There are 2 protein chains.
Amino acid sequence: MTAHRPTSKPTAPRPLPPLSTVGILGGGQLGRMLAGAAARLGFRTHIFAPEKDSPAFDIATAKTVAVYDDETALDAFAAAVDVITYEFENVPVEAAFRLAHHRPVFPDANALSVAQDRLKERIFLNNWDIETAPHATIDSLDALVCESEAFNGPCVLKTRRFGYDGKGQAKLNSPSDAARAWETVAGARSILEAFVPFEMEISVIACRDRYGATAAYAATHNTHVNHILSVSRAPAPIAPETQARARALAVRIVDALNYVGVIGVEMFLVRSKEEGDRLIVNEIAPRVHNSGHWTLDAAVTDQFEQHIRAITGHHLGDTKRTADAEMLNLIGDEAEDLTPFFSEPRVKVHHYGKAEARPGRKMGHVTRLLPLSNGRPDGSISRNG
Amino acid sequence: MTAHRPTSKPTAPRPLPPLSTVGILGGGQLGRMLAGAAARLGFRTHIFAPEKDSPAFDIATAKTVAVYDDETALDAFAAAVDVITYEFENVPVEAAFRLAHHRPVFPDANALSVAQDRLKERIFLNNWDIETAPHATIDSLDALVCESEAFNGPCVLKTRRFGYDGKGQAKLNSPSDAARAWETVAGARSILEAFVPFEMEISVIACRDRYGATAAYAATHNTHVNHILSVSRAPAPIAPETQARARALAVRIVDALNYVGVIGVEMFLVRSKEEGDRLIVNEIAPRVHNSGHWTLDAAVTDQFEQHIRAITGHHLGDTKRTADAEMLNLIGDEAEDLTPFFSEPRVKVHHYGKAEARPGRKMGHVTRLLPLSNGRPDGSISRNG
């Protein structure tokens, strides 16, 4: 019995060899799962995070506990690693710039700065002919009153920066809600968006490697509870044509950003009799994404490995589904007793090792494997590179 | 969209909760992959190993660098963990006994002592009506000469203890090879076995939980090069009836040992016209096993998670294949350039993070995913518990 062993072809740049160190800013569950993926490929990991009990520390080779504007700590971190990435988009862009003087940072500071600011993000998307909800910039209560009158319907005030899980958002049903909404965002620079009467929320995890090749996973259907992702189903129950369009849209974004790594693109699907399915981009997350956790158990290559492959200079892996999947987030005390999940034969359990189960805190997730609904390839890799 | 969330049923003993610490003796790739599986389930890990550059340290929460007869270090280790296991069978049984005074040790010292000694192992197997190659005990060169004459054909001298990857073995084609063979084993207490003219080597990874439930993965076909496992194919190309018999045999062994955890059972398949397929057990490894690495990428539950589930008091996971698989070990310099493997779409790469690529050293493995050859369940779980 012999097995085929392929021979090497020269590529440039050379991928990082095993035992190289991947530096990760942020020590939450995304950093933890990135570190796990890096370890499986033989990389060492170094986590930089401000919280001394960061769950990613448990499985990292090395750690730095410091705030993101500690320049001495950032420089020492850069010197200790071979490539740098991050698990969340609120890393100060100044830190990313500083680190990039020493080591490659992926995704780059440009992608980070676009994703950090809802206004920049929308301008970027619209420049690339990608539809977003109609929006206006808001810098004062007067502007908010005025613009909400102009919208003439329900709309949502969103801070330009640091919003996640519904934080920094307020809905306005009429201009009379303006003062309350302005209080909610504490006077922060914001945008006002028309409320989109969507059919469902979907998202696509896309990726791009250092050679310009791109891939995308099946679009998922996401349900939120209290503004926090509760369930993702892959694939989303949408027309194959809409699936393909959603993935193509996400790939357009990574190409436009000259992006390296994994990105999450959230979209509203709006159904209209006249125009069919419209896809309106709600948010881009320049990182691995909660709605892509199903790929850990139901895709040939999971999003964490994919991200590590991309940033270390390897080719992308296969994004095909191996099963349909339903991913449930375990929030707060929902992860206290995992026994019932362990007893279900086709359920995969993931616990993030967080000590304290605060309300609204993501403690783990489970993925139910379902029969593969069709043999259609989810996101063939186009080797542009 | 709502998702079914099961409710808990009381079970005894209570499984270890997340954030409990799994102590692992041994810091090689098996310990590393066990630590990875434990982390995914939210457990902390503490690795105890003598080598300061043990690859498992990279992803462990805590580590102890000490030899296995350092009683102070063993006691401190036991006090720091909630359950103890090991990644290799040459842990001194005295250490296992000592640790068991403080914390549960799985598999227990009895399983360890049986598996550590080829003679005890064969007596145990034969007592349970499991066939092994005919053997004789050898304590002197005289005995070796005498017994090899009695065997009247090719036979193999094997040390009773500390043999692995063909170490501590010597083949005798005739009694005239006795002196050379005795030199090879350096006069260690040994057994002499008739050489088995086998059709193929197969192995089964079986498991048993703390409630007495058992499961087994598909038997694999193993090929060795220089006595080191080179390729495992799952499932082995054998008759369904032989598959079933091989799995049942491995399950009989875990039941007989009152075993908790994952076990590897190596067998010779001998084909005879008169008797059909005979299965002769060659070795049992009381731990996760190299021939089970394919389960990481091609089974619902991999052997590492399975072992962690069993020892932490959780129920076993599903052992079904999700694909057929071909696992290739990467030995010595074969893991130097992984690029070609990264470019194959359905290949999963695993690198163990070892710094030095010594000849014969297991550096990593890759698993090729192949189309699922049939829908037959591989090893349904029988809930005895």
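These legends walk through several close-up views of a predicted model.

**View 1. Two copies around an axis.** Let's start with how the two chains relate to each other.

**View 2. The contact between chain A and chain B.** Each side is listed by its residues: 47 come from chain B and 47 from chain A. On the side of chain B that touches chain A, at least two residues each are supplied by helix H1 (29–40), strand S11 (220–225), strand S15 (324–331), helix H11 (339–343), strand S16 (347–351) and strand S17 (362–370). H11(B) gives the largest share of that side, five residues. Sorted by class, the side of chain B that touches chain A holds 21 nonpolar, 17 polar and nine charged residues. The copies meet through the same surface, because 100% of the interface residues of chain B are also interface residues in chain A.

View 3. Five of the five residues of S16(B) are buried, so the strand is largely enclosed by the rest of the structure. In a regular strand, side chains alternate between the two faces of the sheet. Val347(B), Val349(B) and His351(B) point one way from S16(B), while Lys348(B) and His350(B) point the other way. S16(B) and S17(B) run antiparallel and are joined by five bridges. Across from Lys348(B), you will find Thr367(B) in S17(B).

**View 4. An open parallel sheet in chain A.** Now over to the other chain. Four strands of chain A, in the order S3-S2-S1-S4, form an open sheet with parallel pairing. Strand S3 (62–65) and strand S4 (83–86) of chain A are the edge strands, each pairing on one side only. From one strand to the next, the twist averages 20°. Strand S1 (residues 21–25) of chain A runs parallel to S4(A), with four bridges between them, and Gly23(A) stands opposite Ile84(A) in S4(A). Helix H1 (residues 29–40) of chain A packs on the sheet, where it touches S1 and strand S2 (44–49) of chain A. The direction of H1 makes about 165° with that of S2(A).

**View 5. The domains of chain A.** The domain assignment gives domain 1 (21–105), domain 2 (134–194) and domain 3 (200–370) in chain A. Taken over C-alpha atoms, the centres of domain 1 and domain 2 of chain A are separated by 34 Å.

How values were computed:
Residues numbered from 1 in each chain as written. Chains lettered and ligands numbered in written order. Predicted model: local features only at pLDDT ≥ 70, side-chain atom pairs only at ≥ 80, totals over all residues. Contact = placed C-beta atoms within 7 Å. Nonpolar A, V, L, I, M, F, W, Y, C, P; charged D, E, K, R; others polar. Buried ≥ 20, exposed ≤ 12 C-beta atoms within 10 Å, placed from the backbone. Pairing = 2+ DSSP bridges. Domains from an automatic or database assignment. Axes fitted to C-alpha atoms, helices over the stretch in contact; angles between N-to-C directions.
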